[in-house]
Amino acid sequence: MTAEPDDLVRSATRCLETGPRNGLGLAVSGGGDSMALLHMIGPAARARGLACRVATVDHGLRPEARAEAERVAAACARLDLPHEILDWTGWDGRGNLQDAARRARQALLADWARRHNLDAVALGHTRDDQAETVLMRLARGSGVDGLSGMAPARTAAGLLWLRPLLDLGRAELRDWLESRGISWDEDPSNADIRFQRVRARRALTALEPVGVTPDGLVATAERMALARVALEHLADTLSARAVRLAAGAVAIDMEDLAEAPEETRLRLVSAALRWIAGSDYRPRIEALRAALAGASAGRRTLGGVVLETWRGALWLSREAAATGPDAKPDALWDGRWQLSGPALSGAHVAALGQTGLPLCPKWRELGLPRAALLASPAVWRGETLVAAPCAGEPGEWSARIVADFPYRVLPH
């Protein structure tokens with residue numbers, strides 16, 4: 001049943017009751033869904049006294065995209081909302097275009113939000129997008145997490161990402177816009193069957209006669225989300241008694257790990273892998289099983305992480321060769337480390353590595369595997385080691401990881 005217009009706005013603006021505190025960003029492309037987001041959320045946020053800004057990402061892939069972004073800017077001006085166009089110039093023509101564009105879009109929006117002290121960004125995904133997502137993940141053989149679909153709210157890159165329109169359908173949003181004389185642009189890529197989402201959209205129409213409907217897929221996502229909460233609770237319980245963190249590495253007690261159900265084991269290890277490598281995705285289950293089997297017999301690497309058994313624990317450490325490029329001391333290194341210390345001209349942060357570890361005579365006393373310390377951050381000045389906070393040579397420096405581990409952990 002189609003909701004009444006006022007019900008649509010109430011549903012969309014519900015996120016304002018428990019969401020942002022400092023300020024809200026709206027990601028608006030100019031399409032129908034995002035223009036509904038703009039006109040529903042923007043005025044409501046302003047009425048509540050909440051700082052609200054709008055951004056449009058121009059991926060530079062279509063010549064008409066700039067004009068569409070300018071039309072969003074004009075709509076924002078009429079609503080008295082600040083607007084900014086964010087340009088992506090990083091596409092090199094290789095790999096999965098849609099995935100690369102999605103990653104770039106999130107990075108650009110996250111940087112924009114931080115610059116303006118916004119603590120949340122709202123996206124225009126709808127109920128139809130949810131159904132298409134579940135169908136695509138079903139085709140890939142996804143498990144509970146994948147089939148639970150997109151969350152109404154999630155935290156990533158230090159921000160709260162909201163999907164206020166997730167309970168609303170694409171058609172009813174366009175009806176709402178038309179009833180108010182609000183125009184929008186149609187992205188021609190939405191009809192390009194080279195993209196999986198477009199094929200999924202068409203497949204849904206073909207599957208309706210056999211009972212596979214958007215509403216049914218959304219219902220599946222809601223039930224899977226409930227199951228996911230239960231599975232996350234089991235992983236959290238295991239983590240609370242079996243995991244400790246040290247030098248950016250994760251140690252999991254082998255006996256506790258072996259006694260847990262396989263799904264819980266895989267979930268916890270997968271979370272550790274993602275936390276260490278900064279990955280957006282869980283590894284494929286076959287690769288994860290193979291890595292765990294290899295680690296039980298010695299050592300394996302997976303996705304830039306070393307897995308090894310040592311002193312009764314499964315240790316997961318960053319692979320030194322996979323760490324990020326050198327960084328300035330006040331910048332984030334390897335996607336998660338923040339170092340603090342005195343101003344030092346010519347200094348940079350890099351992995352301690354094979355060169356630096358022998359310069360830390362106390363490292364064996366720390367009770368940590370060598371792999372963890374090799375990949376730990378160190379402050380260098382040319383070829384001279386200034387400090388290695390995780391390897392017993394902190395000097396005047398300290399190091400911390402800015403990303404919280406997703407589960408409870410033992411104190412270290």
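Modeller: On a 1 Å grid over the protein atoms alone, a cavity is a set of points where a 1.4 Å probe fits but cannot get out, and its lining residues have an atom within 4 Å of a point. The model is predicted, with pLDDT of at least 70 required for local features and 80 or more for side-chain atom pairs, whereas totals for chains, interfaces and linings use all residues. Residues are numbered from 1 along each chain as its sequence is written, and side-chain values use heavy atoms, leaving out hydrogens and water.

The largest cavity has a volume of about 40 Å³, a volume being the space filled by probe spheres set on grid points joined across faces, edges and corners. Its lining consists of Ala247, Gly248, Ala249, Ser317, Arg318, Arg336, Trp337, Ala372, Ala375 and Ser376. Sorted by class, these comprise 5 nonpolar, 3 polar and 2 charged residues (Ala, Val, Leu, Ile, Met, Phe, Trp, Tyr, Cys and Pro count as nonpolar, Asp, Glu, Lys and Arg as charged, the others, Gly among them, as polar).

A pocket, by contrast, is an open set with protein on both sides within 12 Å along at least five of seven lines. The second largest pocket has a volume of about 560 Å³. Of the 27 residues in its lining, Ala151, Pro152, Ala153, Arg163 and Leu166 lie nearest its centre. At least two lining residues each come from helix H2 (15–18), helix H6 (127–139), strand E6 (159–162) and helix H10 (214–242) (helices, H or I of at least four residues, and strands, E of at least two, are DSSP runs numbered from the N terminus). H10 gives the largest share, 7 residues. The lining as a whole has 13 nonpolar, 6 polar and 8 charged residues.

Two of these contributors, H6 and H10, also pack together: their axes come within 8 Å and cross at roughly 75° (axes are lines fitted to C-alpha atoms, for helices over the stretch in contact, and angles run from 0 to 180 degrees between N-to-C directions). H6 is therefore roughly perpendicular to H10 (65 to 115 degrees; under 35 is roughly parallel, over 145 roughly antiparallel, the rest oblique). Arg127, Gln130, Ala131, Val134 and Leu135 of H6 touch Pro214, Asp215, Leu217, Val218, Ala221 and Glu222 of H10, contact meaning heavy atoms within 4.5 Å. These residues divide into 7 nonpolar, 1 polar and 3 charged.

Helix H3 (residues 32–47) packs on helix H8 (residues 170–179) at about 55°, with axes 9 Å apart, and the two are therefore oblique to each other. Their crossing is left-handed (the near helix is turned anticlockwise from the far one by less than a right angle; clockwise is right-handed). Gly32, Asp33, Met35, Ala36, His39 and Met40 of H3 meet Arg170, Leu173, Arg174, Trp176 and Leu177 of H8. This contact has 6 nonpolar, 2 polar and 3 charged residues.

H3 also packs with helix H4 (residues 65–78), at about 15° and with axes 11 Å apart, which means that H3 is roughly parallel to H4. This crossing is right-handed. Met35, Leu38 and His39 of H3 meet Val72, Ala75 and Cys76 of H4, giving 5 nonpolar, 1 polar and no charged residues.
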